Amino acid sequence: MTLRPPFLLHCRQLAAQCLLGIGLLLTGAAALADEYAEVQKLQQSGQAAAALARADKYIAANPRDPQMRFIKSGLLSAVGQRAEAEELLTNLTRDYPELPEPWNNLAVLYASQGQLDKAEAALQSALRINPAYATALENLGDVRVRQAGEAYRRARQLDARNARLAPKIDSLQRVLTDGAK
């Protein structure tokens, strides 16, 4: 069977159209990455209000974009709007249950509020999704060290004469202090 020139011409046109489509997709992906980078750049330069406004504008046009919603949750947390950040992260966990990062950041918010059991549960959710998520594992370790410290302090309140508790509390305090550095 011999291919006729019109068929070859059609293949060339189709290939050109595919290349054009791929180029447009890559340009669109680069534009998205630039938008994320710009919002983060604004935040890092201390322009949190401008960063939030830009994130909100982007999210209004792309309401299902998980990356910008995730970035916005970090912005909200950084400016002290923790309840809004928590709500946004909770919505992300519902909308994108396959993503472990919102669970991890939700745990960080819970831990910062002293809600260690909720933080542990959120980290367990992140680790069910991705058992090799090193940051979540580290955060789980930090939460459990804090929980151990709380248990030892409560035990000391109940039994102030227990000489074994003070060194344990001191050791855990050093771990937490060293870990914060």
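Let's start with A121, which sits in helix 6, a stretch that covers residues 116–129. This is a predicted model, so every value here is computed from predicted atoms. Is A121 buried, exposed or partly exposed? It counts as partly exposed, because its relative accessibility is 43%, and the label "exposed" is kept for residues over 50%. Now look for W103: A121 and W103 are 18 residues apart in sequence, yet their C-alpha atoms are 9.1 Å apart in space.

The protein chain has 181 residues, and 28% of them count as buried. Its secondary structure comes to eight helices and zero strands. If you trace the chain along its sequence, the pattern reads α-α-α-α-α-α-α-α.

Next, follow the chain to helix 3, which runs over residues 66–78. This helix has 13 residues and reaches 18 Å from its first C-alpha to its last, close to the 18 Å expected at 1.5 Å a residue. Which of its residues are buried? In helix 3 they are M68, R69, I71, K72, S73, L75 and L76. Just after helix 3 comes G80, which takes a positive phi of about 85°.

Now for the aromatic rings. How many aromatic pairs does a search of the whole structure find? The search finds one. The partners are Y36 and Y58, arranged edge-to-face, with 5.9 Å from centre to centre and 70° between the planes. Y36 belongs to helix 1 (residues 5–44) and Y58 to helix 2 (residues 48–61), so the pair ties together parts that are 22 residues apart in sequence. Both Y36 and Y58 are buried.

For a contrast, turn to E87 in helix 4, which spans residues 82–95. E87 is exposed, because its relative accessible area is 52% and the cut-off for this label is over 50%. The C-alpha atoms of E87 and L106 are separated by 9.2 Å, while the two residues are 19 apart along the chain.

Our last stop is empty space. Rolling a probe the size of a water molecule over the atoms shows where such space is left. The largest pocket holds about 240 Å³ of space. Of the 14 residues that line this pocket, the closest to its centre are A111, N139, D142, V143 and R146. Which helix gives the largest share? That is helix 7, with five residues. By type, the lining residues divide into eight nonpolar, three polar and three charged.

Let's finish with one of these lining residues, A111. A111 lies in helix 5 and has a relative accessible area of 10%, so it counts as buried, a label for values under 20%. A111 and D142 are 31 residues apart along the chain, and their C-alpha atoms are separated by 9.4 Å.

Methods. Residues numbered from 1 in each chain as written. Predicted model: local features only at pLDDT ≥ 70, side-chain atom pairs only at ≥ 80, totals over all residues. Heavy atoms only, no water. 1 Å grid on protein atoms, 1.4 Å probe; cavity = no way out; pocket = protein on both sides within 12 Å on 5 of 7 lines; lining within 4 Å. Points joined across faces, edges and corners; volume = space filled by probe spheres on them. Helix = DSSP H or I, 4+ residues; strand = E, 2+ residues; numbered from the N terminus. Nonpolar A, V, L, I, M, F, W, Y, C, P; charged D, E, K, R; others polar. Expected span 1.5 Å × (residues − 1). Buried < 20%, exposed > 50% of the residue type's maximum accessible area, 1.4 Å probe, protein only. Phe/Tyr/Trp six-rings, centres within 6.5 Å; stacked < 30°, edge-to-face > 60°.
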